[in-house]
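Welcome, and thanks for taking a look at this one. Please keep the sequence and the model side by side as you read the briefing below.

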Amino acid sequence: IVIAVGLLMPLRPLFANTELEDLIRTALAQNPQILAQHATVEASRERIPQAGSLDDPRLGVHASNIPLSDLGLDNTPMSGIDFTLAQKIPFPGKLRFKKNAEKAESSAADSYYHEMQNRLRFQVSQAYYDLYRVDKEIAVTQDNIALLRSLANTAEARYTTGGAKGPDVFRSYPHHVRPGWT
């Protein structure tokens, strides 16, 4: 989170008028992990219909005992060409179970996708509010420094008029607002 705040600090002028929802929307649209998980979810949805279908049928041609010198089938005894068509038929209910397993896997991938989105929303919100807090702390610190400078100027004016002693003036300057320090 500290790194995210540090990375957002140079971009602060870009985000000065941007709402948190816009930042979240941008993060969701451009995060490579979210995009990759979205592609995984889409791919798992496409596998569901395939899991419930039969395997592709196989067609085969087998030639046997055909001499190379004469390609006729009647010249050599026991020569011939066989054509085969094969289809694997699974045990009843197996395709339904495979389809249900793919649905469950797709649902799990979708749930993980939503979890990743929520986690990213939280991280962006946390960084946004941390940046807001840091900005407010800087503003309060700057106000405090201005107040201390004002008090130091008042003490110096009292010293000039004879109302305060020299050490009082020196003590009124914190180390970071002493004359000559910026």
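How are α2 and α4 oriented to each other? They are oblique to each other, since angles under 35 degrees count as roughly parallel, over 145 as roughly antiparallel, 65 to 115 as roughly perpendicular and the rest as oblique. This is a predicted model, in which local features need pLDDT of at least 70 and side-chain atom pairs count only at pLDDT 80 or more, while totals for chains, interfaces and linings use all residues. Residues are numbered from 1 along each chain as its sequence is written, and side-chain values use heavy atoms, with hydrogens and water left out.

**Overall layout**

- The chain holds five helices and two strands; helices (H or I, at least four residues) and strands (E, at least two) are DSSP runs, numbered from the N terminus.
- Read from the N terminus, the order of elements is α-α-α-β-β-α-α.
- Of the 182 residues in the chain, 19% are buried, where buried means under 20% relative accessible area, exposed means over 50%, and partly exposed is in between (1.4 Å probe, protein chains only).

**Helix α2 against helix α4**

- Helix α2 covers residues 20–30 and helix α4 covers residues 94–161; their axes come within 10 Å and cross at roughly 135°.
- For these values, axes are lines fitted to C-alpha atoms, for helices over the stretch in contact, and angles run from 0 to 180 degrees between N-to-C directions.
- The crossing of α2 and α4 is right-handed; a crossing is left-handed if the near helix is turned anticlockwise from the far one by less than a right angle, and right-handed if clockwise.
- S125 is a residue of helix α4, and its relative accessible area of 17% makes S125 buried.

**Helix α3 against helix α4**

- The axes of α3 and α4 are 8 Å apart, and the two helices pack at an angle of about 165°.
- With that angle, α3 is roughly antiparallel to α4.
- Here the crossing is left-handed.

**Salt bridges**

- The count comes to seven salt bridges, with a salt bridge being a side-chain nitrogen of Lys or Arg within 4 Å of a carboxyl oxygen of Asp or Glu.
- R45 and D110 form one of them, with their closest N and O atoms 3.2 Å apart.
- That pair links distant parts of the chain: R45 belongs to helix α3 (residues 32–51) and D110 to helix α4, 65 residues apart.
- Both partners are partly exposed, R45 at 37% relative accessibility and D110 with a relative accessible area of 21%.
- R45 and D110 also belong to a network of salt bridges that includes E42.
- E102 and R47 meet in another salt bridge, at 3.5 Å from N to O.
- This pair, too, links distant parts of the chain, with E102 in helix α4 and R47 in helix α3, 55 residues apart.
- E102 counts as buried at 17% relative accessibility, whereas R47 counts as partly exposed at 33%.
- Within helix α2, D22 and R25 are three residues apart, so about one helical turn separates them.
- The side chains of D22 and R25 meet in a salt bridge of 2.8 Å, N to O, and D22 is partly exposed, with a relative accessible area of 32%.

- V61, I81 and F83 make a nonpolar surface patch of about 330 Å².
- Patches are made of residues with over 30% relative accessible area and no salt bridge: like charges are joined within 9 Å, and nonpolar side chains (Val, Leu, Ile, Met, Phe, Trp, Tyr) within 5 Å.
- The accessible areas come from the Shrake-Rupley method with a 1.4 Å probe, and for residues only the protein chains shown count as cover.
- F83 sits in strand β2 (residues 80–86), and I81 is found in strand β2 as well.
- F83 counts as exposed at 62% relative accessibility, while I81 counts as partly exposed at 38%.
- I81 and H62 have C-alpha atoms separated by 5.5 Å, and they are 19 residues apart along the chain.
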